[in-house]
Amino acid sequence: MGKGKVSAGPKPSDIARLERQIQQRHDRISALSMLDCLRTAPTDELERLVDLCILRAFPAHEAIIHHYDQQDSLYLILQGKVRLTLHDKEGREVLIGVFGRGDCYSTGALFGNVFSRAGAYTETNCYVLQLPINDLRAMLPATPTLNKLFHQIYLQRLAEFTLGRVPIFNHLEPRERLALTALLQSCRYPRDSVVVTQGSPADSLYLIESGQVVVEHNNHPIASLSEGDFFGEMSLLCDQPRSATVRTLTPTTILVLSAEEFERLLTQRPDLRPQFQHVLERRRNLDEKFQDKQERVQRLTVAVQYGLLRGRYLLVRTPELCPPGCRICEQACVARHHNLRLHLDGVRLGDVDIVDTCRQCRVGAECVEACPEDAFAWNDKGALFITDKCTGCGECVPACPYQALDRVPRASMQSGKLLLRLLGQAKRLQQMIRPVIPLEPVEYTHRADKCDLCHGYDDMACVSQCPTGSLRLVPVEEIFPL
Ligand code: CMP
């Protein structure tokens, strides 16, 4: 301050504005404390939470989140009704529930899955508070009560979603499913863990929340199950030891229902028994039918070994239709993506070759787990693609067990611009007297790259340019009818 100048002090209008701001903040904190899901949170934790909240308004009948969207926020409902739905194993839309004031959803992104299992749609005009997941994640270690509250909601939604996805359980009323969720215990298994062992006594029914398992009889794979499937019903219904071993292929979250609660459920809802019995008989028939079929066992062994059941589609090639030396598909891929994303020397199964490329893992994708930026997303064609969030760090590359990812220079770097940019920077540095902190955003030099079934294009370059029709994208079930 200059000599002789007298401090004017804050103006009355500034003081009034400040007081208004303090009052507004106080009102917002007390509004949060009145929401059901936050009722037991202490004020000091709500004070931190309030700073993250963004008020959003949605008109009626609008999507807030679609199924399989990447979840980057958690939502608290202030006013209105939000419907959560998901798709079961058979592709039917199932209502999880209609949620209202004080409810919370999209907790999955905080504790587990980056992709939204459920879609959230407004039934009425809605006001919601949106909380960015990354900020929330950074805050939660310092707010243990909120951490516990959101975790409890997460476990509850997990159980509701899993029951909703299993066709037998989704015949229950949402209220009945809610009651059942309280009886389920959630267990997380790493890759390659044995969940049940053939010959052991039965004590529970298992519902797969996320991940993939293989069912093995006498050490040979006989089936593969994934989210929305259950297992363990055979021994419970027939009062026999476990008919098979079940082993995880990916990190897997399983909800466990004890044998006593399963029996109680069947007593209360006798209509469920024939439905479980029906699944049991279908599986037993399959097991008996295929017991001597070496070919099926071999196919499944290959499928498990090469992760061919992890996506919805497989890229297959009929070698008999490929003229010798023709590499048009590879050239088409490189021309479009500046990187070769497929390798023709895949696995031979009968008269087709499974092309070695990204499996578009629907469950337990190691690249997704390894990515520090949450840079993977799904499209509605069933392809896992890399978004602009990729910084080219390359963490995903060694994580993939099938070597389906590459770290490649970005197009701008390939075109010689990098050299020019570096020269320019060096010149400027020479002229500088004092070191300065660069304010320009960093330009990433590399990016991760993999097959994404030509996300963003109307066709797949390799398939549409194949002159003989040898290359095809087919549903997994066409090659492995399970
Ligand atoms: P349980 O015998 O209790 O334990 C092993 C489980 O593997 C069995 O119940 C079934 O749930 C499951 N299982 C056995 N055969 C098949 C099959 N063909 N397809 C899917 N699951 C199966």
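A residue counts as near a molecule or strand if one of its heavy atoms lies within 4 Å of it. In this predicted model, local features need pLDDT of at least 70 and side-chain atom pairs count only at pLDDT 80 or more, while totals for chains, interfaces and linings use all residues. Residues are numbered from 1 along each chain as its sequence is written, and side-chain values use heavy atoms, with hydrogens and water left out.

**Around the ligand**

- The ligand is surrounded by 15 residues, and the closest are Glu233, Ser235, Arg242, Ser243 and Asp287.
- By class, this shell holds 8 nonpolar, 3 polar and 4 charged residues, where Asp, Glu, Lys and Arg count as charged, Ala, Val, Leu, Ile, Met, Phe, Trp, Tyr, Cys and Pro as nonpolar, and the others, Gly among them, as polar.

**Atoms facing the ligand's oxygens**

- A polar side-chain atom of Ser235 lies 2.3 Å from an oxygen atom of the ligand, and for Gly232 a backbone N or O atom lies 2.8 Å from a ligand oxygen atom.
- Taken alone, the ligand exposes 460 Å², of which the protein buries 98%, with areas computed by the Shrake-Rupley method and a 1.4 Å probe.

**Strand β17**

- Strands here are DSSP runs (E, at least two residues) numbered from the N terminus, and in β17 (residues 313-317) 4 of the 5 residues are buried, meaning under 20% relative accessible area with a 1.4 Å probe and protein chains only.
- Strand β17 is joined to β24 (residues 471-475) by 5 bridges in an antiparallel arrangement, with Val474 as the bridge partner of Leu314.
- Another 2 bridges join β17 to the antiparallel strand β19 (residues 352-356), where Asp353 stands opposite Arg317.

Key. A polar contact is a pair of N or O atoms within 3.5 Å; within protein, one must be able to donate a hydrogen and the other to accept it, and residues adjacent in sequence count only if both atoms are side-chain atoms. Buried means under 20% relative accessible area, exposed over 50%, partly exposed in between (1.4 Å probe, protein chains only). Two strands pair if DSSP finds at least two bridges between them.
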